[in-house]
Amino acid sequence: MMVCMGLIRCHLAPLTHILGTQNRMFSFFKKKSPPATPVSTSLQAATEEDRSTPPRGGWLSRLRAGLQRTGSQISQVFTGARIDDALYEELEAALLVSDAGVQATQHLLDDLKRRVKAAGTQDPAVVKTLLAEAITELLLPLQANLSIGAHQPTVIMVTGVNGAGKTTSIGKLTRHLSDQGASVLLAAADTFRAAAREQLSVWAGRNQVDIVSQEGGDPAAVSFDAVSAGRARGRDVVLVDTAGRLPTQLHLMDELKKIRRVVQKADAGAPHEVLLVIDGHTGQNALTQVKAFDDALDLTGLIVTKLDGTAKGGVLAAIALWGSQRALTKGRPVPVYFIGVGEQLEDLERFDAREFAQALLG
Ligand SMILES: Nc1nc2c(ncn2[C@@H]2O[C@H](COP(=O)(O)OP(=O)(O)OP(=O)(O)O)[C@@H](O)[C@H]2O)c(=O)[nH]1
Ligand SMILES: [Mg+2]
């Protein structure tokens, strides 16, 4: 077993202690607080330089640009002067084209008609606002914060189909967690390709965190070692990168289950989160992926990537509607913790239902 040590962020150890004793259930979305102890001048300078996080507005405009096609198609529906059957038909078509799927589209149309009736409005611009409210209400149960701190380390398994953006999201998530003062250790459990290990170590280097990897090894063994190392080193979070796979490749899905079992042996409550990364371009197939990975692994959260590209975004409505049915049997939907809007360290943002609904409407 080869354990590669990246540069350890020297100011995190005392912070970890503080979090461990004073604030076990912290959520890392809280405003960045100043380090609890002075940090060395050179590290502080480097830290401030590469942490010039773009303002939230910049991020939103990238999401808007990404969803522009859907936004303009839906906006187009409301440019007329009347509210009639033709408007609802055009809206139905625009929602279907946005990948919302038949059920979520019908749900939104019914809800919108109810709202229009209750408001007694004849103004298409008002109807558009009511649609934004209907979409927000549908998406709201998907909005949830990934909280860490209740367990040390919080073990997060990251799964998904090939090329969905798992490794990149782990790199960006590491940055988010570090920004909140959490110490992170990465596990290179994608042992399928040597390049996957190298890719993850580049992200470890960018974030100055440790990585545990093994040449040609077994993904479950690497995960076990990483969780053990995370415990021994007092890390707040262990992020486990896994190889891409299709849910129809049953032996590979079994491999994920094995990782989960073995991680549990290293730490009884682990993994605390099993995330699925979905590519925002995947369209309705994303819902199929969510269902299949959830059946196999009982997902605890989603990351939707590449929403800065030409994604249509409506599939989140389909996931939300499915989530409301899932909540009846499993107690809650699978929340969307983050969305990815680029390939840089800072291009990951927490999912906000209202902002997303507005971006979807242009
Ligand atoms: N534009 C954009 N590109 C992204 C985003 N997230 C990931 N990518 C790109 O998508 C490609 C695949 O990303 P990876 O992180 O390697 O995906 P993966 O799921 O780990 O892939 P495998 O491990 O091969 O299954 C890379 O070129 C990334 O730079 C995003 O939010 N926006
Ligand atoms: Mg990968």
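**Around the ligand**

Tutor: By class, the shell around ligand 1 holds three nonpolar, ten polar and seven charged residues. Here Ala, Val, Leu, Ile, Met, Phe, Trp, Tyr, Cys and Pro count as nonpolar, Asp, Glu, Lys and Arg as charged, and the others, Gly among them, as polar. Bear in mind that this is a predicted model, where local features need pLDDT of at least 70 and side-chain atom pairs 80 or more, while totals for chains, interfaces and linings use all residues. Residues are numbered from 1 along each chain as its sequence is written, chains are lettered from A and ligands numbered from 1 in the order written, and side-chain values use heavy atoms, with hydrogens and water left out.

Student: How many residues surround ligand 1, and which are the closest?

Tutor: There are 20, and the closest are Lys166, Thr167, Thr168, Asp308 and Glu343. A residue is near a molecule if one of its heavy atoms lies within 4 Å of it. Helix H8 (residues 166-179) gives the most to that shell, with four residues; a helix is a DSSP run (H or I, at least four residues), numbered from the N terminus.

Student: Why are H7 and H14 called oblique to each other?

Tutor: The axes of helix H7 (residues 124-139) and helix H14 (residues 353-360) come within 8 Å and cross at roughly 135°. Angles under 35 degrees count as roughly parallel, over 145 as roughly antiparallel, 65 to 115 as roughly perpendicular and the rest as oblique. H7 and H14 are therefore oblique.

**A proline bond**

Student: What is the peptide bond from Gln152 to Pro153, cis or trans?

Tutor: That bond is cis, with omega near 0°. Pro153 lies in the loop between H7 and strand S2 (154-159).

Key. Helices (H or I, at least four residues) and strands (E, at least two) are DSSP runs, numbered from the N terminus. Axes are lines fitted to C-alpha atoms, for helices over the stretch in contact, and angles run from 0 to 180 degrees between N-to-C directions.
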